[in-house]
Amino acid sequence: MTNQPSILVIDDEPDNFDVIETLLDSEGYQLHYAPTGQQAIDRLHIFQPDVILLDVMMPDLDGMQVCRQIKSDSQWQSVPIIMVTALTAKEDLARCIAAGADDFISKPVNGVELRARVHSMLRMKQQYDNLQTLLNLREDMVNMIVHDLRNPLTSIVLSNEILRLPDLSLQQQQRKLDQITIASQQMQSLIDSLLIMAKLESGKMVLNYTELDLRALCISALADVEAIALQKNLNLVSELPNSGGIVKADAPIFRRVLDNLLSNAIKFSPSNSQVTLKAEYLTAGAKLQVLDSGSGVAHNLRQSIFEKYDIGTRMPEVSQIGLGLAFCKMAIEAHHGTITVEDNHPKGTIFTIFLQCV
């Protein structure tokens with residue numbers, strides 16, 4: 001539903017529309033008028049109504065027939081219909097409901113009642129739209145996750161089949177075992193990130209702050225992605241403080257943030273380029289940066305890429321699910337820190353994390 005709800009009034013008497021327009025004038029609705037039921041049905045795709053006010057007594061197609069036709073179309077079944085009727089017999093009102101109407105209001109129309117019933121139906125429509133958006137998003141998410149899990153799983157299956165072949169050299173065997181290890185880590189990382197994100201989002205995740213050696217944490221993270229970087233002939237560079245220092249954070253979650261940023265940098269960097277991890281201690285916390293040599297992030301996407309399932313610019317041959325950066329943002333903000341993105345001149349991206357002292 002749009003910010004300005006759309007109301008379609010179907011009535012063969014223009015004066016009745018004028019009355020409804022006057023009664024709803026202060027509500028900020030976008031009102032449309034159709035003098036016949038058939039015209040309304042033919043132009044529903046133009047009106048795009050969020051609620052329909054439908055007169056019962058009309059020539060040609062009466063309100064009952066119009067209601068049935070609209071509700072028989074799956075595209076418009078979710079649009080609430082309020083029947084406007086001079087009929088008062090319970091049998092007639094029951095016929096309105098049986099025709100598919102969601103509510104009814106009696107003539108002469110009372111302004112307070114009309115506004116209340118329209119507001120109620122708009123609330124129902126909004127709830128339906130929100131649910132439909134959630135269902136569509138969930139379907140997209142499932143498809144993307146299945147796609148992302150299929151890639152490392154395929155690598156594991158193929159490598160395992162090749163290992164069954166006779167006369168493989170020790171070097172070939174080791175290379176396939178390394179591929180299986182990397183693919184398994186990718187699957188585990190994705191699954192763990194999904195679980196942690198769900199807990200963070202629900203508010204049920206309690207961060208377990210411990211004192212971390214930032215330098216040691218960065219060195220460990222770089223070591224774990226070294227094999228993946230080697231496959232693309234990438235040079236991993238570290239610019240870390242010489243002396244040890246302590247920051248307070250939830251170790252597994254913060255480490256996963258580093259893993260996601262480094263994996264992204266490796267994923268989007270061209271072969272034979274460089275990925276850099278920088279870290280420094282600040283008076284009020286710590287600053288970490290991951291720099292790559294990829295295609296960069298457009299200015300208009302620098303906020304949306306941190307939203308769930310937003311993949312920014314789609315890259316061919318690159319698996320993109322749109323969860324990694326969303327997880328990083330949720331995790332860092334849970335630590336009362338910030339994460340931003342900027343250009344890495346002459347080419348690439350810099351992700352910067354500021355972690356505050358706790």
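Asn235 stands opposite Gln274 in E9. The model is predicted.

Reader: In what sense do E7 and E9 pair?

Author: Asn235 has Gln274 of E9 opposite. Five bridges join E7 and E9, and the sense of their pairing is parallel.

Reader: Which strands stand at the edges of the open sheet?

Author: The sheet has five strands in the order E7-E9-E10-E12-E11, with mixed pairing. Two of them have a single partner strand each, so one side of each is left without a neighbour in the sheet. These edge strands are E7 (235–239) and E11 (338–343).

Reader: By how much does the sheet twist from one strand to the next?

Author: The figure is an average for the open sheet ordered E7-E9-E10-E12-E11. From one strand to the next, the twist averages 15°.

Reader: How many residues lie between E9 and E10 in their hairpin?

Author: E9 (residues 274–282) and E10 (residues 285–291) pair in the antiparallel sense over seven bridges. Ala279 has Leu288 of E10 as its bridge partner, and Tyr281 stands opposite Ala286 in E10. The number of residues between the two strands of the hairpin is two.

Reader: At what angle does helix H8 run to E9?

Author: H8 covers residues 214–231 and lies across E7, E9 and E10. Its angle to E9 is about 170°.

Reader: Which residue caps the N-terminal end of H8?

Author: The cap is made by a side-chain oxygen that lies 3.1 Å from the backbone nitrogen of Arg215. Beyond the other end, just after H8, Asn233 takes a positive phi of about 55°. The residue capping the N-terminal end is Asp213.

Reader: Is Asp103 buried or exposed?

Author: Asp103 belongs to strand E5 (residues 103–106). Its relative accessibility is 14%, and the cut-off for buried is under 20%. Asp103 therefore counts as buried.

Reader: Which side chain does the side chain of Asp103 join in a polar contact?

Author: Leaving aside residues up to four places away in sequence, Asp103 touches Ile81, Ile82, Met83, Arg117 and Met121. The polar contact has a length of 2.9 Å. The partner side chain is that of Arg117.

Technical notes:
Residues numbered from 1 in each chain as written. Predicted model: local features only at pLDDT ≥ 70, side-chain atom pairs only at ≥ 80, totals over all residues. Heavy atoms only, no water. Helix = DSSP H or I, 4+ residues; strand = E, 2+ residues; numbered from the N terminus. Buried < 20%, exposed > 50% of the residue type's maximum accessible area, 1.4 Å probe, protein only. Polar contact = N/O pair within 3.5 Å; in protein donor to acceptor, adjacent residues only side chain to side chain. Contact = heavy atoms within 4.5 Å. Pairing = 2+ DSSP bridges. Axes fitted to C-alpha atoms, helices over the stretch in contact; angles between N-to-C directions.
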